[in-house]
Structures are given as C-alpha cells and as structure tokens.
Amino acid sequence: MTTNILISRRSIQLLRILVSGIFLVAGTNHLLHIEKTAKRIEQASFKGIAYFFGEPQRLIVLSGIVMIVAGFLFLIGYKTKWAAIVLTAVLIPITLTVQVGQITTLGPLFKNIAILGGLLFFILNDTDNLLKTK
C-alpha cells in the first residue's frame, strides 16, 4: 500500500539548495584552513575517531574535496540520493569527532543533527522522481 503525500516541488528544491550550502562552505574552509581544522581535531574529546581513519591533515583535505564535490552535486540535484549518502558518510565522523563530548559545542552538534535530518529526507525519499514532470 502506497500513501501519496502532497509536497511542494519548490520546497524540495529549496531544502536541497539550503542544505548543500553548509557543505560547500565547510569543504572550502577545510581546504583553506587545514592547520586550524587540525587543531580542532587535536583538541576534540573523541579525536581517536579521526585517527582511526588516518592522519588528520590528509583526512581534512580529503573531506574538504568530498564535501565540495558531493555538495555541488547535491546543490544541482544530480544523483541527489547518492550525494546525500556521501555527505552523510562525511558528516557523521566529523560530528562524532569534533562536536560530541564538547559541552561548548551543543549548538553545532544539534546543527549537524538537523543537517543529517535534511540529508535523510533525500536518502529516504525518491525526490528525483517527485521532481520530474508528468
């Protein structure tokens, strides 16, 4: 049984565009401020998560590139579900490493949780087909 839920095409596009912005900005900041980002990782309570995946400076560059590329694909609506999956795969370890365990970063933690909610919307819903004209 399938339930049809009416939703504005513009709201889907707007959500996609607005969510992509954080990744484009964060990816650019990662590439422009590698040392500053590395210091944040070094001060994080759960920095071991980052070290589990490799050397932090290399991860910062790699995650910056991934966020820019996947963020741009997400922005333009190309392979939206896959771009959202890739962005989620980057967002979760960053959130666990930098925001979890930091009492001063509760705002950014819940910002990342909200961003995750936006990404999950695109992962769980076939928005590409919703946006096609019939």
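Trainee: What span should the 19 residues of α6 cover, and how far apart are its end C-alpha atoms?

Mentor: In this predicted model, the 19 residues of α6 should span 27 Å at 1.5 Å a residue, and the end C-alpha atoms are 26 Å apart, which agrees.

Trainee: Which residues of α6 are buried?

Mentor: Leu-109, Asn-112, Ile-115, Gly-118, Leu-119, Phe-122 and Ile-123 are the buried residues of α6.

Trainee: What does Thr-88 touch, once residues up to four places away in sequence are not counted?

Mentor: Thr-88, which lies in helix α5, touches Pro-93, Leu-116, Leu-119 and Ile-123 on that count. Thr-88 is itself buried, because its relative accessible area of 10% falls under the 20% limit.

Trainee: What share of the contacts comes from residues 24 or more positions apart?

Mentor: Among contacts with a separation of 6 or more, residues 24 or more positions apart account for 74%.

Trainee: Changing topic, how much space lies in the largest pocket, and what lines it?

Mentor: About 800 Å³ of space lies in the largest pocket, which is lined by 31 residues, with His-30, Thr-37, Ser-63, Met-67 and Ile-94 lying nearest its centre. The lining residues divide into 20 nonpolar, eight polar and three charged.

Trainee: Which helices supply that lining, and which one gives the largest share?

Mentor: At least two lining residues each come from α1 (9–32), α2 (34–43), α3 (47–53), α4 (56–76), α5 (80–99) and α6 (106–124), and the largest share, eight residues, comes from α5.

Trainee: Can we look at His-30? Why does it count as buried?

Mentor: His-30 counts as buried because its relative accessibility is 13%, which is under the 20% limit. His-30 lies in helix α1 and, leaving aside neighbours within four places in sequence, is in contact with Thr-37, Ile-60, Ser-63, Gly-64, Met-67 and Ile-94.

Trainee: How many salt bridges does the structure hold, and which side chains meet there?

Mentor: The structure holds one salt bridge, in which the side chains of Glu-42 and Lys-47 meet at 3.1 Å, N to O. Both partners count as partly exposed, with Glu-42 at 37% relative accessibility and Lys-47 at 30%.

Trainee: Last one, what is phi of Lys-79, and where is that residue found?

Mentor: Phi of Lys-79 is near 50°, a positive value in a residue other than glycine. As background, most residues other than glycine have a negative phi. Lys-79 is found in the loop between α4 and α5 and is partly exposed, with a relative accessible area of 48%.

Methods. Residues numbered from 1 in each chain as written. Predicted model: local features only at pLDDT ≥ 70, side-chain atom pairs only at ≥ 80, totals over all residues. Heavy atoms only, no water. 1 Å grid on protein atoms, 1.4 Å probe; cavity = no way out; pocket = protein on both sides within 12 Å on 5 of 7 lines; lining within 4 Å. Points joined across faces, edges and corners; volume = space filled by probe spheres on them. Helix = DSSP H or I, 4+ residues; strand = E, 2+ residues; numbered from the N terminus. Nonpolar A, V, L, I, M, F, W, Y, C, P; charged D, E, K, R; others polar. Buried < 20%, exposed > 50% of the residue type's maximum accessible area, 1.4 Å probe, protein only. Contact = heavy atoms within 4.5 Å. Expected span 1.5 Å × (residues − 1). Salt bridge = Lys/Arg side-chain N within 4 Å of Asp/Glu carboxyl O.
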